[in-house]
Amino acid sequence: MIRKFVFLFLVAFIGSVFAQKATLNESAPDFKLVDSNGNEHSLSDFAGKNVVLEWINYDCPFVKKHYDSKNMQNLQAKYTEKDVVWLAICSSNKGKQGNFSAEEINKRSKKHDANFTAYLIDENGKVGKMYGAKTTPHMYIISAEGVLVYAGGIDDKATTDVKDVKGAKNYVTLALDELFSGKSVSIQSSTPYGCSVKY
Amino acid sequence: MLLRKIIQIFLLLALLSVSLTAQTRSNASAQIVFDSYSLEINRTILIGILIELENDWHIYWRNPGDSGMPTSIDFDLPDGFTISEIKWPAPKAFEYDGLASYGYEKQVLLLADLSVPENYNLNPIKITANLKSLICKDVCIPFNTTVSTVIDLANNFMVEDQIIRLFIDARNNLPEVKHNIDFSVKVDDELITCIIQNPEINPAEIESLYFLPYDNGIFKNSIDQKFIQNENKTELTVEFDHFRIEEPKEIYGLLIYVFGNLDKSKKVYEIKQLIN
């Protein structure tokens with residue numbers, strides 16, 4: 001009995017030590033999360049498609065900048081029309097900013113005319129930590145081959161000012177357009193900016 | 001002559017009425033203060049942007065760390081006047097849920113040198129600072145404000161005691177740029193080892209030691225940096241950011257010693273070392 005307990009403990013310990021960590025140019029670690037409509041999604045469900053992960057917190061001023069300006073929704077619409085899967089992920093813990101009921105999420109998403117594929121709830125922060133998500137927004141792009149090809153900020157203007165959206169260098173657009181042109185992604189990482197993820 | 005004097009006084013009063021009130025936005029306020037000066041002796045005036053925060057709120061350093069936003073200040077000055085880069089007092093490192101940020105709580109005075117042109121006629125001048133920043137506790141809000149003040153250049157100025165204390169504290173918290181630290185680095189795949197020999201420090205008194213980079217995105221932001229004593233040298237390990245934006249060419253930022261004495265005193269140095 002003790003032997004079995006020790007074995008299980010070791011398996012759990014080793015599993016946690018060697019938990020997958022998202023790394024550029026390596027296979028993106030798989031995950032399974034439930035969306036705001038109660039549907040379950042795994043990253044592996046979208047094999048063969050380019051996938052964007054967008055860390056979100058509707059009350060963060062940096063997220064507001066990109067939603068109030070419609071920048072984020074326009075990107076979502078433009079690329080989901082091209083068969084990109086766009087997953088907004090919220091890793092706000094219970095009681096923390098950005099953690100809403102499913103009803104409230106859907107209400108806010110509708111108000112913003114959000115065009116993502118799904119809004120995934122990562123309340124225990126497991127997926128956020130697996131991907132090293134630090135800020136909202138924090139953007140990741142996974143190629144159709146399942147490889148992480150971009151991690152970083154949405155653009156190069158680390159401000160909360162809506163006026164700065166115009167003229168910013170948008171790294172997500174740049175990376176996705178390069179993928180669609182059959183090129184390799186030229187800027188694979190940038191410094192993310194925003195509110196801290198509320199783990 | 002009298003009319004001219006009246007107009008001058010009126011102008012000065014009008015400018016002062018615009019400027020004297022500290023600009024307040026929600027949980028923080030900002031104002032411009034300046035140190036004592038005598039233009040006969042020195043054409044440079046030390047000014048400060050005093051930012052005061054409600055309890056539990058913080059504002060960010062030039063490198064905000066894992067989240068937040070760098071504080072930035074643009075000045076509007078009369079023609080011919082120039083101002084230095086901001087001199088940043090050493091920030092505090094905060095860590096929440098494994099994410100590290102660098103900034104200031106309660107109060108900070110950001111310093112800059114204002115240079116008065118030689119040929120200036122010494123009329124009062126108005127200077128304006130446009131502050132762009134973010135303040136956070138468990139939530140964050142933008143703190144963007146414009147503050148102005150008037151400086152009477154015709155007369156010497158002696159600052160009040162309360163403000164003198166702020167300038168002294170801010171100066172004491174600036175990093176030492178000229179020092180005799182022997183600093184070298186050894187690069188590994190995912191980390192860098194800084195080998196430090198500091199003749200001003202007794203290694204046995206160091207409680208913690210950490211490096212805060214000026215630029216974000218290359219080194220892992222952390223307040224939990226490991227160091228060991230190796231004879232008279234200290235070896236500090238700094239990890240690279242897992243998603244670093246480029247391979248580091250230099251290590252540039254602050255080296256902060258915290259001592260194990262009762263008041264947990266600090267010593268802060270600026271370090272700049274090329275990486276081969």
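I am working from a predicted model.

**Entry 1: the sheet in chain A**

I looked up the strand order first. Chain A has an open sheet of 7 strands, in the order 2-1-5-4-3-7-8. The pairing is mixed. I then checked the edges. They are strand 2 (40-42) and strand 8 (148-152) of chain A, and each pairs on one side only. From one strand to the next, the twist averages 30°.

**Entry 2**

I picked strand 4 (residues 85-90) and strand 5 (residues 118-121) of chain A. They run parallel and are joined by 4 bridges. I traced one residue across: Leu87(A) has Ala118(A) in strand 5 as its bridge partner.

**Entry 3: strand 4 of chain B**

Is this strand mostly covered or mostly open? I find 7 of the 8 residues in strand 4 (residues 58-65) of chain B buried. I next looked for its partners. Strand 8 (residues 99-105) of chain B pairs with strand 4 in the antiparallel sense, over 4 bridges.

**Entry 4: where the chains touch**

I counted 19 residues of chain B in contact with 21 residues of chain A. On the chain B side, strand 12 (residues 140-142) gives the most, with 3 residues. I sorted that side by class: 10 residues are nonpolar, 4 polar and 5 charged.

Notes. Residues numbered from 1 in each chain as written. Chains lettered and ligands numbered in written order. Predicted model: local features only at pLDDT ≥ 70, side-chain atom pairs only at ≥ 80, totals over all residues. Contact = placed C-beta atoms within 7 Å. Nonpolar A, V, L, I, M, F, W, Y, C, P; charged D, E, K, R; others polar. Pairing = 2+ DSSP bridges. Axes fitted to C-alpha atoms, helices over the stretch in contact; angles between N-to-C directions. Buried ≥ 20, exposed ≤ 12 C-beta atoms within 10 Å, placed from the backbone.
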